Each structure stands twice: as C-alpha cells, then as structure tokens.
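Notebook open, viewer open. I want to go through this one piece by piece and jot down what I look up.

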Amino acid sequence: RALRSLKSVKVDKTMKNVRNQQRKFAATQLDTLMKALTVPLTQLLQCYQYGFRSLHPFEQTVANLTITALTKRQHPPLPAILERLQRLRAETCRVAKDHAKRANTAATANEAKDIFDAGVTALRRLYVDEDVDPAQDGVAASSTDEPLLRNPLLDEARALADLLVVHQDLKRVPVLELRRPTVVLVGAPNVGKSSLKATTGSVRGGRHASARYQVMDTPGLLNRPDDKRNEMERLTFASLAQLPTAVLFVVDPTELAGKRLSSLVDQLHVRRQLRARFPKRPWIDVLSKSDVALTEAQQRLLRDAGLLPAAPDGPSSETETQTAAASAVLRVSVRTGDQLDALRRAVRQQLLELEDVLRRSDFRPAAGGASPSSPPPPSL
C-alpha cells in the first residue's frame with residue numbers, strides 16, 4: 001500500500017540535466033515512501049498514547065482491563081509494543097533519509113536509480129516479520145546491499161501484528177451509551193441473570209417518547225477479596241461506580257447452581273459488600289427460581305438478610321407481593337412467569353428515577369481526561 005503512494009511522484013521535466021532530474025526523482029520518491037510508512041505509525045502511536053486520556057473513566061477502565069487480560073494470556077504488554085513501534089518508525093526515517101541523501105549526490109542518473117531501488121529494498125526489509133527468501137519474494141538482489149529481506153528489526157516489525165491483536169480485542173468489547181440509564185444485573189455465577197436480562201429487556205419505560213435505557217448483564221461475582229478479583233469482576237464494579245446505573249441484584253436461594261461458587265452464604269456476603277459500597281444506587285433484590293421450595297436453613301438466611309418476610313414460604317399473595325415490591329425484594333420464576341410483571345414495573349420505576357437524576361444533574365460523560373478516582377491510562 002505504501003508503494004502505491006509513489007505513483008503520485010512525477011519526474012520534473014523542467015530540469016534539463018538528466019542526472020539532476022533522476023537525483024530529485026529518486027530522493028522525492030524515498031521521502032514520499034517514508035511518509036506513507038511513518039504517518040500511519042505516528043497516528044497509531046498518538047491514538048494509543050494519548051487517546052486514552054480523552055476517554056470516559058468507564059471506557060478507560062474497560063480498555064485497561066481488556067489489555068490486562070490479554071497480557072495475562074502471554075501477549076506482549078501494550079507499552080512494550082508501542083516502544084517497538086517507535087523504534088520501527090525511527091529506523092524507517094533513518095533508512096529513507098540516508099538513501100535520499102545518497103541519491104541526491106549520485107554521480108550518474110543510473111546510480112541515483114540504483115540507490116532508490118536499494119532504499120526501497122531496505123525499507124521493505126524493515127516491515128518483513130520473518131526472514132524471506134529473496135528469490136521466492138521476487139526481489140532482485142543488489143551487489144552493494146546486504147542479504148535481502150533479513151530484517152535487523154524483526155521484533156519491531158512483529159509489533160504491528162501484536163498491536164492488531166490488541167485492537168481486535170478492544171473492538172470486541174460491547175459498547176455502552178454512557179448517558180443512557182443502565183440497569184445492571186449483578187450476582188454470583190449461574191444464578192439466572194441472563195434469563196432475567198431477556199425478561200427485563202421487554203421493559204419500555206420513560207415518560208418521554210425519546211427515553212431509552214440499556215440492560216447490562218455482568219459476569220458472576222465471587223465472594224473473595226478485591227485484590228483476588230479478575231478483570232471481568234472489576235468491570236462490574238466499574239460499571240456501578242462510573243455509569244448512571246440501577247442495580248438488579250439476583251440471588252439464587254435454592255443453590256441449585258452448586259455451593260462451590262454460588263452458596264447462599266457467599267451470595268449474601270457479596271450483596272452486603274456491594275450495598276455498603278454503593279448505598280445510593282437504586283436497588284432491587286431479585287430471588288430467582290421461586291418455583292423451587294426452600295429449606296428452612298435457606299429461609300432463615302434470607303430472613304436474616306431482610307430478603308424474606310417472616311411468614312412461612314409459599315405462594316405469593318397479593319398483599320405479600322405489594323410488600324415485597326415496596327421493599328424492593330421480589331421472588332420470581334422465569335420458568336412459571338411468577339412475579340415477572342412486578343419485576344418489570346419495578347425496573348421501569350428505577351429507570352424513571354434515573355432519568356430524573358440525570359436530568360437534574362445534567363449528567364455528561366467525562367471527557368478530556370480521567371477523573372482523580374478513575375484508573376490511569378496505560379503507563380508509557
């Protein structure tokens with residue numbers, strides 16, 4: 001692609017001396033080729049070095065967590081990739097300028113052309129990420145040049161492919177509209193969040209026709225210290241801290257998903273942690289799988305947590321439903337449809353409250369730099 005830029009360079013016919021004409025032509029071509037190679041590199045470097053600073057804090061967090069997860073899979077760290085690209089850009093400039101200078105002082109027109117050809121070969125060699133047989137690559141050898149296509153900056157050339165992997169991982173991250181009211185489904189693994197997302201996704205709330213919302217299903221949170229949490233768990237905390245969110249905390253009191261990851265004790269401990277950390281967030285507690293009978297021990301744990309009335313467990317009466325809705329606790333069943341309408345009404349009310357808060361606060365996504373509490377962009 002860079003070589004195609006040479007089509008824009010024309011021989012200066014106003015110059016009568018053929019040698020000087022070829023000198024200028026060769027030097028201009030090399031300068032054009034250098035810019036075609038280095039300008040995209042400069043743009044890439046600026047994008048990754050400075051682009052993070054203009055992101056909303058949540059976007060910064062998502063990008064950093066994505067890159068961290070990639071590094072844990074043995075991919076080169078982003079700062080190291082960018083350093084290699086800087087060296088590749090510097091060497092590209094050095095090679096192109098060196099050959100352009102030599103072409104400008106060539107003794108003959110043919111020598112200027114030979115120097116140009118050697119310069120193109122040297123530049124091509126910098127961007128080959130493996131040693132290539134010149135004969136197979138269709139490049140003629142030069143008697144004055146080093147063995148063709150043996151890249152002295154092989155690691156730097158591979159940085160482009162490494163950066164492409166980072167770019168592709170970042171592109172796969174779901175995009176959230178930062179001003180749109182967001183209902184975040186939170187809970188342990190396998191408690192039914194995905195099924196409830198399909199249910200709450202049918203809500204059409206808002207007092208204005210233009211009102212919109214989004215539902216975000218988050219990875220399961222385990223009962224463990226913050227420094228032991230993985231990137232996906234940290235993303236859940238970031239969404240609560242940095243977005244206009246309401247919480248739908250899903251508890252599976254039946255423990256059918258297995259006690260190893262989703263014991264009721266662990267689920268309730270995570271809930272207490274989140275409630276303490278985000279006390280002002282609109283919040284609905286959802287007890288899933290209401291069609292499954294609970295043990296006395298499970299009922300006792302829920303009552304101690306304030307998530308179950310003192311009355312014996314059984315089918316929900318209309319009075320009990322109203323009491324649960326008022327206290328923002330709902331027992332639902334996706335399988336039977338029990339209390340799903342009440343859940344939709346509760347979510348709709350949360351969305352209306354969020355819209356009011358956003359309207360009164362004139363909320364806008366942060367731009368132009370990270371807030372003091374947000375994670376910094378990758379250290380370069």
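**Confidence first**

I started with the scores, as this is a predicted model. The protein averages a pLDDT of 79, and 80% of the residues score at least 70.

Over residues 203-211 pLDDT stays under 50, and the model has 18 contacts for them beyond four places in sequence. Residues 364-380 also stay under 50, with 40 such contacts in the model.

**Overall numbers**

I counted 13 helices and 5 strands in the secondary structure. Of the 380 residues in the protein, 44% are buried. I got about 20,200 Å² for the accessible surface, and 53% of that belongs to carbon and sulfur atoms. For contacts between residues at least 6 apart in sequence, I find that 76% join residues at least 24 apart.

**Cores**

Next I looked up the largest nonpolar core, which has 36 residues. Which of its members touch the most others? Leu78 and Leu85 do. The elements giving two or more residues to this core are helix 1 (18-50), helix 2 (57-72), helix 3 (78-104), helix 4 (109-126) and helix 6 (154-171).

I clicked on Leu85 to see its partners. Not counting residues up to four places away in sequence, Leu85 touches Leu41, Leu45, Ala159, Leu160 and Leu163. Apart from this core I found another, of 30 residues, including Val62, Val251, Val270 and Leu287.

**Helix 2**

I checked the geometry of helix 2 next. Its 16 residues reach 22 Å from first C-alpha to last, close to the 22 Å expected at 1.5 Å a residue. My list of its buried residues reads Pro57, Phe58, Gln60, Thr61, Val62, Ala63, Asn64, Leu65, Thr66, Ile67 and Leu70. What do they pack against? I find helix 3, helix 6, strand 2 (214-217) and helix 8 (231-242). After helix 2 comes Gln74, which has a positive phi, near 75 degrees.

Leu170 and Thr66 are 104 residues apart in sequence, yet I get 6.7 Å between their C-alpha atoms. Beyond its neighbours within four places in sequence, Leu170 is in contact with Tyr48, Ala63, Thr66 and Ile67. Is Leu170 buried or partly exposed? I have it as partly exposed, because its relative accessibility is 23% and buried means under 20%.

**Helix 8**

I ran the same span check here. The 12 residues of helix 8 should span 16 Å at 1.5 Å a residue, and the end C-alpha atoms are 16 Å apart, so the two agree. Helix 8 is mostly covered, with 9 of its 12 residues buried. I noted them as Glu231, Glu233, Leu235, Thr236, Phe237, Ala238, Ser239, Leu240 and Gln242. These buried residues pack against helix 2, strand 1 (182-187), strand 2, strand 3 and helix 10 (264-277).

**Aromatic pair**

My search for aromatic pairs returned a count of 1. Phe249 and Trp283 are stacked, at 5.8 Å centre to centre with 15 degrees between the planes. The pair links distant parts of the chain, as Phe249 sits in strand 3 (residues 245-251) and Trp283 in strand 4 (residues 283-287), 34 residues apart. I find both Phe249 and Trp283 buried.

**Positive phi in two loops**

Lys289 has a positive phi of about 60 degrees and lies in the loop between strand 4 and helix 11 (296-304). Gln339 has a positive phi of about 70 degrees, and I placed it in the loop between strand 5 (329-331) and helix 13 (340-361).

Why does Lys289 count as partly exposed? Because its relative accessibility is 25%. Gln339 comes out at 16%, so I logged Gln339 as buried.

Conventions: Residues are numbered from 1 along each chain as its sequence is written. This is a predicted model: local features need pLDDT of at least 70, side-chain atom pairs count only at pLDDT 80 or more; totals for chains, interfaces and linings use all residues. Side-chain values use heavy atoms; hydrogens and water are left out. A nonpolar core is a set of buried Ala, Val, Leu, Ile, Met, Phe, Trp, Tyr and Cys residues joined through side-chain atoms within 4.5 Å. Buried means under 20% relative accessible area, exposed over 50%, partly exposed in between (1.4 Å probe, protein chains only). Helices (H or I, at least four residues) and strands (E, at least two) are DSSP runs, numbered from the N terminus. Contact means heavy atoms within 4.5 Å. The expected span of a helix is 1.5 Å times one less than its number of residues. Accessible areas come from the Shrake-Rupley method with a 1.4 Å probe; for residues, only the protein chains shown count as cover. pLDDT is the predictor's confidence in each residue, from 0 to 100. Rings of Phe, Tyr and Trp (its six-membered ring) pair if their centres lie within 6.5 Å; planes under 30 degrees apart count as stacked, over 60 as edge-to-face and the rest as tilted.
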